[in-house]
There are 2 protein chains.
Amino acid sequence: MDVHSRDLRYFVAVAEERHVTRAAARLHVSQPALSKQLRALERQVGAELLHRLPHGVELTAAGEALLPHARAVLARTDDAARDVAAAARRLVVGVSTGVGRGLLPAVRSRLAVAEAPVEPQVRAVAWDDASAGLADGGSDVAVAWAPVPGRVRTLELAREPIGVALPPGHPLAGRDAVPFAALLDEPFLALPPEAGPLRASWLAEAHRRGRPARVGGEVRSMEETHEALLDGRGVVLLAIGNAPALARDGVTVVRVDDLPPCVLVLAWRADDRRPAVRAYVEACREVLAARA
Amino acid sequence: MDVHSRDLRYFVAVAEERHVTRAAARLHVSQPALSKQLRALERQVGAELLHRLPHGVELTAAGEALLPHARAVLARTDDAARDVAAAARRLVVGVSTGVGRGLLPAVRSRLAVAEAPVEPQVRAVAWDDASAGLADGGSDVAVAWAPVPGRVRTLELAREPIGVALPPGHPLAGRDAVPFAALLDEPFLALPPEAGPLRASWLAEAHRRGRPARVGGEVRSMEETHEALLDGRGVVLLAIGNAPALARDGVTVVRVDDLPPCVLVLAWRADDRRPAVRAYVEACREVLAARA
DNA sequence: CAGGTGCGATCACCTTCGGCTATGGACGTC
DNA sequence: GACGTCCATAGCCGAAGGTGATCGCACCTG
């Protein structure tokens, strides 16, 4: 049986009022419209639901049988609407380890007071996914390093110089800054080949300078990187903002002064027009403006 | 929120198939129609429910949230349909005490094997309601004495001579038959004034013969009548078929041979076109034909 | 008992919905 | 690079669902 929940609402209202005209007023429809829909409902369920009396209506046995079911269906429908709305407000924010730069809490608190509150849910993504989960749908918005692959739109969050993390006791340690050329003989810790462009960018830069870079090891998290550095398996390039996460146990970070800065962006799918996404982007933009 | 249950069925089918075209085939609708309804559903709930992928679709978080609710609503809707159908099949048969004349069980068994089985539910009605519950909606069909008041249609079940029940030791007791004139001096046990035409008919008959009848007492059940007879409060006219219920403890019943026979009918409301009612009437007609 | 009143049903009409066929565009496959 | 698959869109049509006006009926009321 197929029923429009509206017809059930109509029926319940009439059952409660025991009066078609009054129910019609309560439902903000005309009395003929309500009468017709009631007839249609009776036709659909294949039974008379109401006794029409001179001054009002009353339920038939079939009507009494329907009433509790109708109420239950309506209640469950409301539950569904609420849950779906809540799910739609939940927004997964993909971030690589620790690259939020302190923005995320500010954005969250700004979103909480909106008229349709969005609940951001931060989710760490593996380093080898340059889209931070946008591509596979794991995230709805992402904080990632430009360029973000795929059909995405972006908002620039920060622009940071590149640094290089050096193992304990490395000869360049302690320098204020080094040129990229000084690193060309070093083995590099790189992302695994699956990472694609993210891995490729500085390898290409090295290649451009006439010396194909040597990969001393592959890493996919801050901890692995730290371990590899302590092992002396190579050096690693990183945004200077990430330096504090590595600069301990003798590891030092030195600025590389002749590489273009890397750009941290908020990214979202270009075809994603959901209000929650727009709201998140907008809140982010406002937080940035307030800080400038 | 208002949703057509059909749209929920569509959504569940698509969620199960993870494929719009396949779901459309299963639902026997065209693929564009299904696509359009899915869009409409998404618009109504205010959230995207499906990720459209190159080879199929998958549920969004909102879709996952909706799915169990949708299934529950559909299940409850089916329950409602079943219960309403059952209620519509149940039919209340109003009868005065013991006037079924053995027809009702035969009618019941004939109805049980029909394609849409009707469940008759016999309900005794007070004697003072000549319509046997038809008028106040307490019954759907009734076995009653003609004429039945109200806008009803009838089917004649039996035609029985009138008899008179006499107190123990009454001078007329033991006669084979008596004329109505022989009773004109007796006090009569009558139905209460509320009974209307049922009470009025033989009072009028007496009046027609020039002697207003004297009412010796009012009765409204077989037991009260029996008690009143034993008390000697009067005599009572009745259909001869009801004689066995009173003829004990010295009470006797004698045929009155010059009154028109009374007619037992099956009655139902003239405007009642419900299938269950028609089926009951038809079954009754068939049982009568089989007995003739 | 005539006439007003309240109620649900019906009528004529208009807009929106839900279905169809045909076509388009994105993506994978051979 | 032609083809196949799949979902979306366009244009059309009948049915559904709404409206105000009106009808028919039972019930008060004077």
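Between chain A and chain B there are 13 residue pairs in polar contact, both partners at pLDDT 80 or more (a polar contact is a pair of N or O atoms within 3.5 Å; within protein, one must be able to donate a hydrogen and the other to accept it, and residues adjacent in sequence count only if both atoms are side-chain atoms). On the chain A side, α4(A) brings the largest share, 18 residues, and that side splits into 17 nonpolar, 4 polar and 9 charged residues (Ala, Val, Leu, Ile, Met, Phe, Trp, Tyr, Cys and Pro count as nonpolar, Asp, Glu, Lys and Arg as charged, the others, Gly among them, as polar). This is a predicted model, in which local features need pLDDT of at least 70 and side-chain atom pairs count only at pLDDT 80 or more, while totals for chains, interfaces and linings use all residues. Residues are numbered from 1 along each chain as its sequence is written, and side-chain values use heavy atoms, with hydrogens and water left out.

There are also 2 salt bridges between the chains (a side-chain nitrogen of Lys or Arg within 4 Å of a carboxyl oxygen of Asp or Glu). One of them pairs Arg9(A) with Asp2(B), with the closest N and O atoms 2.4 Å apart.

As for area, chain A and chain B bury about 2800 Å² between them, 61% of it on carbon and sulfur atoms (accessible area, 1.4 Å probe, lost by two parts on being put together, summed over both). In chain A, His69(A), Arg76(A) and Val84(A) lose the most area to chain B, together 21% of what that side buries.

How values were computed
Chains are lettered from A and ligands numbered from 1 in the order in which they are written. Helices (H or I, at least four residues) and strands (E, at least two) are DSSP runs, numbered from the N terminus.
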